[in-house]
Amino acid sequence: MSLETYRLTEEPRYHPSADEIALYEAAYEMRLPVMLKGPTGCGKTRFVEHMAWKLGKPLVTVACHEDMTASDFVGRYLLGAEGTYWQDGPLTRAVREGGICYLDEIVEARQDTTVIIHALTDDRRILPLEKKGELVRAHPDFQLVISYNPGYQSVLKDLKESTKQRFCALDFDYPAATIEANIIASESGLNPQDAERLTRIAGKSRNLRGKGLDEGASTRMLIHAGRLMVAGLPITQACKFAVITPITDDPEMRSTLSAAVDACI
């Protein structure tokens, strides 16, 4: 399968909040690795999709998890009808052919696995395939992008300083209220007035972060609620289904969030 299959053919809509597009373009011009930091559902993945489309580059996305091994990134030997053969992993394919490789929620992968990116993120720009005995030099168009949520940092789940300092970094947060309402309306088809109501509900939930909630309602959740409202659900039912029930199991917190919804209607 060619890397061309990873090229985006339609523009992913993205609403900039500051100078992140110009900063990313400058980083790509010099092929510097980029780290996107921000809470869940605030637009990190949409941003890198938009930039890949804007730059006309294939985007290989890897959703990281704790069971990932280095082989899941770089590749492994497989047994086929004609014997053993090597199959490149997603990172190796992007390195060889010149795509943007996006490692989503990088801290979910084990630290002993993520160190394989170190040689790609300095002047060497190489990827050692130890099992194959090959040294892959990065294509001139290759760039590495990673993302993670600093709110979930812990001793066991955080990037090493030796990894962090190899990247340029962009901070992401939930958009300003007017921008977020526009995003909800454009992504869900919801009318502007109801989109503003959802934005106010989100603001109230985010004020509860650290006071019973690990995270407030994400923009992604609000878009889901907006789509349910377009499908005919009332705002209270849509918010309970798409926001309140997923975000907490605590009865008192659910009651508090339901009251916040009622206050915004």
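**Salt bridges and cysteines in a predicted model**

Colleague: Which residue does Glu134 form a salt bridge with?
Modeller: In this predicted model, Glu134 forms a salt bridge with Lys132, and the closest N and O atoms of the two are 3.1 Å apart.

Colleague: How many salt bridges does the structure hold?
Modeller: The structure holds 19 salt bridges, and one of the pairs is Glu25 with Lys54, where the closest N and O atoms are 2.4 Å apart.

Colleague: Where do Glu25 and Lys54 lie in the chain?
Modeller: That pair links distant parts of the chain, with Glu25 in helix α1, which covers residues 20-29, and Lys54 in helix α2, which covers residues 44-55, so that the two are 29 residues apart.

Colleague: What about the accessibility of Glu25 and Lys54?
Modeller: Glu25 has a relative accessible area of 28% and is partly exposed, while Lys54, at 41% relative accessibility, also counts as partly exposed.

Colleague: Which residue does Arg254 meet in a salt bridge?
Modeller: The side chain of Arg254 meets that of Asp249, with an N to O distance of 3.3 Å. Here the two partners fall into separate classes, because Arg254 is partly exposed at 27% relative accessibility, whereas Asp249 is exposed at 66%, a value over the 50% cut-off.

Colleague: Which residues are linked in a network?
Modeller: A network of salt bridges links Arg13, Arg46, Glu49, Glu187 and Arg227.

Colleague: Switching to cysteines, how many disulfides are there?
Modeller: The count comes to zero disulfides. Cys42, for instance, is in no disulfide, and the nearest cysteine sulfur, which belongs to Cys64, is 16 Å away.

Colleague: Are Cys42 and Cys264 buried or exposed?
Modeller: Cys42 is buried, with a relative accessible area of 10%, and Cys264 counts as buried as well, at 4% relative accessibility. Both values are under the 20% cut-off, so both residues receive that label.

Definitions and conventions
Residues numbered from 1 in each chain as written. Predicted model: local features only at pLDDT ≥ 70, side-chain atom pairs only at ≥ 80, totals over all residues. Heavy atoms only, no water. Salt bridge = Lys/Arg side-chain N within 4 Å of Asp/Glu carboxyl O. Helix = DSSP H or I, 4+ residues; strand = E, 2+ residues; numbered from the N terminus. Buried < 20%, exposed > 50% of the residue type's maximum accessible area, 1.4 Å probe, protein only. Disulfide = S-S within 2.5 Å.
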